[in-house]
Each structure stands twice: as structure tokens, then as C-alpha cells.
Amino acid sequence: MNQSLKLIDRRQLAEKLGISIRTLQRWLSMGKIPKPIYLGSGRRLPRWVLSKIDHWIMSNCPNAKNWNGEQ
């Protein structure tokens, strides 16, 4: 596993984007932000790969449905 892989949670992502967690959830359901990976059982622990989020931001935050996340 990649030792430099950094994951962030909802609160950290919302803070990074300057939005509320509620807005983050709305954007996620609308497909405006990249989908998270889920840790544990169920969908209770979403995490985003920080490097992919940074790349998404540097790409001018395209609609996640049209963004493949490749660097």
C-alpha cells in the first residue's frame, strides 16, 4: 500500500472547500464532487484521497461525472 496516501473525512473536505458539511452532502448526491471511498461496513465512513481532491481543485472543480480523476 502507498505509504503517502492521505485520506480526509467530511469535515476536513468541507473545510478545505469552504462549505458546510450539509452542502458537501448535497454536492455529493448531485455528483458535483468526486465520490469517496468507504471504510468499514456500510457507508458510514467516507474518505477522500487528498491528492485526488487537490488535483480536482487544480482542474477547476469539474462536475465529478465528467472527471475521471486521473493525474
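Trainee: Where does Asn60 lie?
Mentor: This is a predicted model: local features need pLDDT of at least 70, side-chain atom pairs count only at pLDDT 80 or more, and totals for chains, interfaces and linings use all residues. Residues are numbered from 1 along each chain as its sequence is written, and side-chain values use heavy atoms, leaving out hydrogens and water. Helices (H or I, at least four residues) and strands (E, at least two) are DSSP runs, numbered from the N terminus. Asn60 lies in the segment after H3.

Trainee: Is Asn60 buried or exposed?
Mentor: Buried means under 20% relative accessible area, exposed over 50%, partly exposed in between (1.4 Å probe, protein chains only). Asn60 has 69% relative accessibility, so it counts as exposed.

Trainee: What is the phi of Asn60?
Mentor: Most residues other than glycine have a negative phi. Asn60 is not glycine, yet its phi is positive, near 70°.

Trainee: Which strands stand at the edges of the sheet?
Mentor: Strands pair if DSSP finds at least two bridges between them. Here 3 strands form an open, antiparallel sheet, ordered E1-E3-E2. Two of them have a single partner strand each, so one side of each lacks a neighbour in the sheet: E1 (7-8) and E2 (37-39).

Trainee: Which residue in E3 stands opposite Leu7?
Mentor: E1 and E3 (residues 45-49) run antiparallel, joined by 2 bridges. Across from Leu7 is Val49.

Trainee: Which side chain makes a polar contact with the side chain of Thr23?
Mentor: Thr23 is in helix H2 (residues 21-30). A polar contact pairs N or O atoms within 3.5 Å; within protein, one must be able to donate a hydrogen and the other to accept it, and residues adjacent in sequence count only if both atoms are side-chain atoms. At 3.1 Å, the partner is Arg26.
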